[in-house]
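Visitor: Hi, I'm new to this one. Could you walk me through it?
Guide: Happy to! Here it is.

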Amino acid sequence: MTTPNFPLQDQLRGFSRALFSTWLYHRRFNILFDAGEGVATGLLNRVFGIRRVFLSHGHADHIAGLVNLINIRNLGAGDQTASLQIYFPRDNKLIEFITDYLTRTQKDLSFKLEWIPLEEDEKILLDDQKSKVFMRTFKTRHSQRQLSLGYNIIEQRRRLKPQFVGLSQREINEVIWSKGKDEVAEEFEKIIFSYGGDSRPIDPQKIAESLFLCHECTYLNIEDDERNFQQHSYLAEVLETAKAARVENLLLFHTSLRYNLEELRQGIEDGMARINPGCRVLVLHGDSILDTASPHSWKKRIQRERAREKALGEPSE
Ligand SMILES: [Zn+2]
């Protein structure tokens, strides 16, 4: 059974700006992907809803919010006993420093905190009772020196075997009566949500037919990576990736601060005119999720951004 348009963006809350902070909370699964600065301040008491944190890598803009998150979970006015599991790419020195700091400074936690290192292609059950939904890790391409991981939420589903597709219900029923249900149906794994963290374009096979792909898009154009770090993705290749993977929704995040919202909107519109990804395209900009199919929401947000820039004044050099 498929749920169209799942997961809607109302299941998601997040914040993302390249270099500054990235985090994304998926409410349905109580999962936080990455934990950049400001995550606890952004979620307030919703931090008590988080059951699992999945970190993509150890750069500061993805983990700096952990200290406050754990502190609030320990002291705030919410369920202080619910356990929290933090999953991270194994052997990551930067994450180990944070773990060490937290272990030294938070000796008496009111809840059970577990740190769980992960490899690529690991499976983590998310629903203990039925185990129909699970997480599977995949390797991404970011820093040379550390393992970085992306995450797929996968649902075990059943479908008609290809040789029975197109037959009438009566014909199918006859097979079921004579040979049993398993003769006509097969199990398959449906990716319902993918989060890539920071990365060069993700291998489309790893996110094939995902219902909702969150892919970083630091640059609008390849030339904008002036310092040539080659650790991030630019728009055209992200659109190509989404197209090749046949995803249903694409959420761009981790956009560079150099683009204001109007430039971002225009750049994405131009990019989609050149490369039609064949899916809905959304952008997580700051703490807003904007839909490219809804110009109205962009307009309102652009006005707000202009007003805020004016109030803050020019940035000093
Ligand atoms: Zn990074």
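Visitor: Let's start with N152. Which residue is its bridge partner in β10?
Guide: N152 has S194 as its bridge partner in β10. Strands here, like helices, are DSSP runs numbered from the N terminus: E, at least two residues, for strands, and H or I, at least four residues, for helices. This is a predicted model, where local features need pLDDT of at least 70, side-chain atom pairs count only at pLDDT 80 or more, and totals for chains, interfaces and linings use all residues. Residues are numbered from 1 along each chain as its sequence is written.

Visitor: And how many bridges join β9 to β10?
Guide: There are 10 bridges between β9 and β10 (residues 185-195), and the two strands run antiparallel. Another of the partners is A185 in β10, which is bridged to L160. Two strands count as paired if DSSP finds at least two bridges between them.

Visitor: What about β8 and β9, which way do they run?
Guide: They run antiparallel, with seven bridges joining β8 (residues 133-139) to β9 (residues 149-160). R136 has N152 as its bridge partner in β9, and F138 stands opposite G150 in β9.

Visitor: R136 again! What stands opposite R136 in β8?
Guide: That's K123. Three bridges join β7 to β8, and this pair runs antiparallel.

Visitor: What is the order of the strands in that sheet?
Guide: It's an open sheet of eight strands, in the order β7-β8-β9-β10-β11-β12-β13-β14, with mixed pairing. The edge strands, β7 (123-125) and β14 (288-291), each pair on one side only. From one strand to the next, the twist averages 30°.

Visitor: How are angles like that defined?
Guide: Axes are lines fitted to C-alpha atoms, for helices over the stretch in contact, and angles run from 0 to 180 degrees between N-to-C directions.

Visitor: Do β3 and β4 run parallel or antiparallel?
Guide: Parallel: three bridges join β3 (residues 31-35) to β4 (residues 52-54). F33 has F54 as its bridge partner in β4.

Visitor: Okay, helices now. At what angle do α6 and α7 cross?
Guide: The axes of α6 (residues 235-245) and α7 (residues 261-274) cross at roughly 50° and come within 10 Å. That makes α6 oblique to α7. As for the cut-offs, angles under 35 degrees count as roughly parallel, over 145 as roughly antiparallel, 65 to 115 as roughly perpendicular and the rest as oblique.

Visitor: Which residues make the contact?
Guide: From α6 they are L235, A236 and L239, and from α7 they are G267, I268, G271 and M272. Contact means that the C-beta atoms, placed from the backbone, lie within 7 Å. Of these residues, five are nonpolar, two polar and none charged. For those classes, Ala, Val, Leu, Ile, Met, Phe, Trp, Tyr, Cys and Pro count as nonpolar, Asp, Glu, Lys and Arg as charged, and the others, Gly among them, as polar.

Visitor: Where does α6 lie relative to the strands?
Guide: α6 lies across β11 (213-216) and β12 (249-253), running at about 155° to β11.

Visitor: And how do α7 and α8 cross?
Guide: The axes of α7 and α8 (residues 295-312) come within 9 Å and cross at roughly 150°. That makes α7 roughly antiparallel to α8. L261, E262 and R265 in α7 meet W298, R301, I302 and E305 in α8. This contact has three nonpolar, no polar and four charged residues.

Visitor: Last one: what is the average pLDDT?
Guide: The protein averages 91, and 95% of the residues score at least 70. pLDDT is the predictor's confidence in each residue, from 0 to 100. Over residues 1-6 the pLDDT is below 50, and this stretch has two contacts in the model beyond near neighbours in sequence.
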